[in-house]
Amino acid sequence: MKQVLKNLRDGRTIVADVPVPTPGQGMVLVRNLASLVSVGTERMLVSFAEKNLLGKARARPDLVRQVWEKVRREGLVTAIETALNRLDQPIALGYSSAGIVVEVGEGVRDLHPGDPVACAGGGYAVHAEYVVVPRLLVTRLPDGVDFESGAFVTLGAIALHGYRLAEPQLGETVAVIGLGVLGLLTLQLAKAGGCRALGIDVDPWRVEKARSLGLMAVPRTEAETTVGAFTEGRGFDAVIICADTPTNDPVELAGHLARDRGRVVAVGAVGLALPRKLYYEKELSFVVSRSYGPGRYDPAYEEKGQDYPLGYVRWTEGRNLEAVAHLIGAGLLDVKSLITHRFPIEAADQAYALITTKGATPSLGVLITYPQSEQFSPLTKRVNLRPPNGPLVSKVRLGVLGAGNYATAVFLPMIRSFPEVEKVGIVSASGLHARHAAEKFGFAFAGSDEDEIWRDTTINAVAILTRHNHHTRQVEQALTCGKHAFCEKPLAITWDEVERLETLLGTENLPLLTVGFNRRFAPLAERLKASFTNRVQPMHVYYRVNAGYLPPNHWLHDPHQGGGRLVGEGCHFVDFLVYLIGNPPTSVEAISLPDSGVYREDNFTLMYEFADGSVGLISYLANGDKSYPKERIEVFCEGKIAILDDFRALEIVAEGRRQILRQPLRQDKGHRGLWRAFMQAITTTGVPPIPYDQILGVTRATLAAREALRTRRLTAI
């Protein structure tokens, strides 16, 4: 299928061939027939992308500070690679579309293939022939509402939510500053709601456009002289700002137009330096509108489909979408008259040139159109980018599941340094990131359905880089399909999964499995362990992790997707203890700081005891400053001390002498070392790089630690 993308590094707008996305649980696959370009929001994004590096740095000094902090923590090379990788990610443009339902995911029962719908959401209702959208961001189109009109539903919901926040009453006066699509929709809503409404804009063409729709409007220069006559000297009951400008003029003008104790709502992106004296003397209420309504930016609502009870939240974003669709169907919102341009998806770059070029033809509703029924693209879940590299002589022929940040920033750049690996295919549910990664890193095909990996008989090794809840299932699938499995941590997030894997790994003649416990393969880690070769006394190991804050709604905190930070990330550090000491622990105690509504079991200390009397402590903390180095390991044993500082410096103290080893330009956490060992296991030795008893022991130890943390009891492993 075709999809419109923006390259953040060079600013190019491209129409790429991407696999059709696969709808997951609670999702809906829609074939788009029209989508609307947001002249305000998308223009800002496109303008930023088209700046050079210096311009981007000036526009986002906060990101520049983050890069410098990363330089201090992890080295210049690592920081530059990370920054360039983020700039290289394709951005899917668009967030308002309409089309026909093609498939529904598990749990969706009130929509069916063939239903006409409007779709909303950045990253979901994008400019593409097919889109996958969460159920609560999809609304059925009423009879008589065509797809071009349906493409306006999302922007209509934004306007409707801003209008609701102004709390207008029948017969009140409403001023709307800014007469783009949002402003003209808001004016129509105010008129339909029984209010006397006046539109204001600096552009005479937009003022005339409003008047042609039967709406009252004046240019900015006449606004303050008109308010007296329009409101009989009282001032406007409500002022809704729909302008798009970095200046403070709209909020200053709103203050002058509003009556005493009036209401001001900012819907557009404008300067927010409120004139205190003006707002104070009138005791004005000021609200910034948050997109389509309650539910926006709440993963539980948008991604998991947990609707808010109607009796407590009457107008959610989904119900606002539905209301706008019905207003269009009833003729109370005229959106057809707002359409000024149409571009087929193949010419989408012309649409963005139109809205970003100064002096271009005036525009309002800019639509992207798509092939009609007899011409639409088939449901192709795989895009071939090149033929296989001749005879398959490589012993490692790789398929990859997942193309997220870890894959593109760490794993795939590392794999590129192993030319002996035949890169066959990469799959992600959206298809978009798989397409980008396949092209960038040289894979033969990109897909959106993981069955493409299982069915491909040329693939003999699979890298599993998906979210944690998929790991065990995909490991089982890989091994039973006869493919070696590299699984990024954690291996499992439940006891049932561990038990299933223990049973499977007891099978003879099974392909090889390893888990992404890379730190034990770091050069400085290997040097640390070597300094305690042939020890006979127990060790004391202290591992401190400055993990940094993670918002409570992050997927890693979700017990069903991420398993929590202790299991999802803590397993790395448990494995390092096992690596140094040589065997899995026998028991664990745990204690944590109170979450206090801010954290999610991610400020804890674990104390592990080992059979040889060794003790390992892990302090994992989310309440620190991320600018400080992340990891520090201190080892005490047999009169020696070793300190590994963030995998950039190792200090060994023995017999009064100090030896310091450094890696000044780059961290090396062992990613290459682990992969090299896995390749050798596949091609030569047949021995897993990490013993299975240690992989399973680490997994059990992290799950036991989670139990110990919640029960505050010593827990046997």
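Start with the lining of the largest cavity: by class it has six nonpolar, three polar and one charged residues. Here Ala, Val, Leu, Ile, Met, Phe, Trp, Tyr, Cys and Pro count as nonpolar, Asp, Glu, Lys and Arg as charged, and the others, Gly among them, as polar.

Before you click on, some ground rules: this is a predicted model, where local features need pLDDT of at least 70 and side-chain atom pairs count only at pLDDT 80 or more, while totals for chains, interfaces and linings use all residues. Residues are numbered from 1 along each chain as its sequence is written, and side-chain values use heavy atoms, with hydrogens and water left out.

**Stop 1: the cavities**

Rolling a probe the size of a water molecule over the atoms shows where empty space is left. On a 1 Å grid over the protein atoms alone, a cavity is a set of points where a 1.4 Å probe fits but cannot get out; lining residues have an atom within 4 Å of a point. Grid points are joined across faces, edges and corners, and a volume is the space filled by probe spheres set on the points.

How many cavities of 30 Å³ or more does a search of the whole structure find? The search turns up two. For the largest cavity, select Y406, F411, M414, F486, E488, G516, N518, H671, L674 and W675, which line it. The space inside is about 40 Å³. (Helices are DSSP runs of H or I with at least four residues, strands are runs of E with at least two, and both are numbered from the N terminus.)

Next, select P490, L491, A492, F517, V567, C571, V698, T699 and T702: they line the second largest cavity, which holds about 30 Å³ of space. Its lining has seven nonpolar, two polar and no charged residues. Which helix gives the largest share of this lining? That's α24 (residues 692-711), with three residues.

**Stop 2**

Keep α24 on screen. This helix lies across β25 (587-592), β26 (604-609) and β32, running at about 50° to β25. Axes are lines fitted to C-alpha atoms, for helices over the stretch in contact, and angles run from 0 to 180 degrees between N-to-C directions. Contact means heavy atoms within 4.5 Å.

Those strands belong to an open sheet of nine, in the order β31-β30-β29-β28-β24-β27-β26-β25-β32, with mixed pairing. Two strands pair if DSSP finds at least two bridges between them. At the edges you'll find β31 and β32 (715-716), each pairing on one side only.

Zoom in on β24 (residues 540-546) and β27 (residues 615-621): they pair in the parallel sense over seven bridges. Click Y543 and you can look for its bridge partner in β27, I618.

Then slide over to β29 (residues 640-645) and β30 (residues 649-654), which run antiparallel and are joined by six bridges. L644 has L650 as its bridge partner in β30. These two strands form a hairpin with three residues between them, and D646 in the turn has a positive phi of about 55°. Carry on to β31 (residues 657-662), joined to β30 by six bridges, again antiparallel. Here E651 stands opposite I660. The hairpin of β30 and β31 has two residues between the strands, and E655 takes a positive phi near 55°.

**Stop 3: the three-stranded sheet**

Three strands form an open, antiparallel sheet in the order β2-β1-β4. β2 (13-17) and β4 (90-92) stand at the edges with a single partner strand each, so one side of each has no neighbour in the sheet. Three bridges join β1 (residues 2-7) to β4, and K6 has I91 as its bridge partner. Now show helix α16 (residues 432-441), which lies across β1, β2 and β4 and runs at about 160° to β4.

**Stop 4: two crossing helices**

Finish with α20 (residues 523-530) and α22 (residues 570-581), whose axes come within 9 Å and cross at roughly 40°. The two helices are therefore oblique to each other; angles under 35 degrees count as roughly parallel, over 145 as roughly antiparallel, 65 to 115 as roughly perpendicular and the rest as oblique. To see the contact, select A525, E526, L528 and K529 of α20 with F576, Y579 and L580 of α22.

Terms used:
1 Å grid on protein atoms, 1.4 Å probe; cavity = no way out; pocket = protein on both sides within 12 Å on 5 of 7 lines; lining within 4 Å.
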